[in-house]
Amino acid sequence: MDLTRHLHTFGHYLKTRFGEKVHKLSLAGDFTCPNRDGTLDRGGCTFCDVKSFGRDAAALSIAEQIAREKHKTDRARRYLAYFQAYTSTYAEVSTLKALYDEAATQSDVVGLCVGTRPDCVPDSALDLLAGYQQQGYEIWLELGLQTAHDATQERIRRGHGLADYRDAVQRAHRRGLKVCTHLIAGLPGEDNAHVRQTLATVLDIGVEGLKLHPLMIVRGSRMAAQYRRGEIAPLTQEHYAALAAELIRHTPPEVVYHRVSATAQAPTLIAPAWCGPRWPALQAIAGQLAAAGPQGSALGRPWSGA
Ligand code: SF4
């Protein structure tokens, strides 16, 4: 299955930029987040299971983690260092610089992807990232928005709203930084119309990349208890694939899809079971796009309405 026939994948973007495969290595700096450390909350966003971030990894240095992750992936000659765990701009800028420098100075690391929350990107962190970009590194600021609806943000206890996101994106763009926004389909209280509106809002604000996930119920999250009480029902694979394909068709072709689904494994994954294997959901999305048109083909057309 070749997703690049139907959408602008991150793999294809990197191959075009570097002329060869570039792999992304997931790293854990020793961060926390304001939704965990008591600044905003202690229990975290209701969908989040921080244990899956691998605190054990943070016990290793960044260089050690890079070496370890390289062994887990197909060999490549170049890599992006992905600061994934927790809120990877949530520290003094001197600490951030030390961590990012340790990654960036590895001879085969050509860029950094930094995952964070929109309310945790001070100008000093953005200036630091812009500095790497000026040196020629590939830099992506990955912002967890999940939904553009503030009522849902409150329901899932994110602790920030759309205004924080808009402000962070604008300040990143003023520095020439690329933004990849993380979105979740199937959040409690939301239907397809909410998700479509979220995408339209994100595109209107301006974005270079998107990560699209179905809602997954994972062990250790607040949602796990809500799911057991029957208060949450995850999307079916068919529902998600149709919605994801529709969102992709309404996305301009130049926007890079870093991800269009997500996986987790038992016992971490509680539901939906279809998020266990990687390929069936991707095949279903590719099938929808093959039948109805590729990324961007529905721009300017009405949404399907279902
Ligand atoms: S999703 Fe991010 S911001 Fe929310 S609790 Fe987890 S680490 Fe913190």
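Start by selecting helices H4 (residues 93–104) and H5 (residues 123–134): they pack at an angle of about 25°, with axes 10 Å apart. Axes here are lines fitted to C-alpha atoms, for helices over the stretch in contact, and angles run from 0 to 180 degrees between N-to-C directions. Helices (H or I, at least four residues) and strands (E, at least two) are DSSP runs, numbered from the N terminus. H4 and H5 are therefore roughly parallel to each other (angles under 35 degrees count as roughly parallel, over 145 as roughly antiparallel, 65 to 115 as roughly perpendicular and the rest as oblique).

Now show side chains. On H4, the contact (heavy atoms within 4.5 Å) uses Val 93, Leu 96, Lys 97, Tyr 100, Asp 101 and Ala 104, and on H5 it uses Ser 124, Ala 125, Leu 128, Leu 129 and Tyr 132. By class that gives eight nonpolar, one polar and two charged residues; Ala, Val, Leu, Ile, Met, Phe, Trp, Tyr, Cys and Pro count as nonpolar, Asp, Glu, Lys and Arg as charged, and the others, Gly among them, as polar.

A word on the source: this is a predicted model, where local features need pLDDT of at least 70 and side-chain atom pairs count only at pLDDT 80 or more, while totals for chains, interfaces and linings use all residues. Residues are numbered from 1 along each chain as its sequence is written, and side-chain values use heavy atoms, leaving out hydrogens and water.

Ile 62, Ala 63 and Ile 66 of H3 meet Leu 99, Glu 102 and Ala 103 of H4, a set of five nonpolar, no polar and one charged.

Next, the sheet. Seven strands form an open, parallel-paired sheet in the order E1-E2-E3-E4-E5-E6-E8 (two strands pair if DSSP finds at least two bridges between them). E1 (22–27) and E8 (256–259) are the edges, each with a single partner strand, so one side of each has no neighbour in the sheet.

Bring the helices back: H4 lies across E2 (78–83) and E3 (109–116), at about 145° to E3.

Last stop, the ligand. Which residues are closest to the ligand? They are Cys 33, Gly 44, Cys 45, Cys 48 and Arg 117, out of eleven that surround it (a heavy atom within 4 Å).
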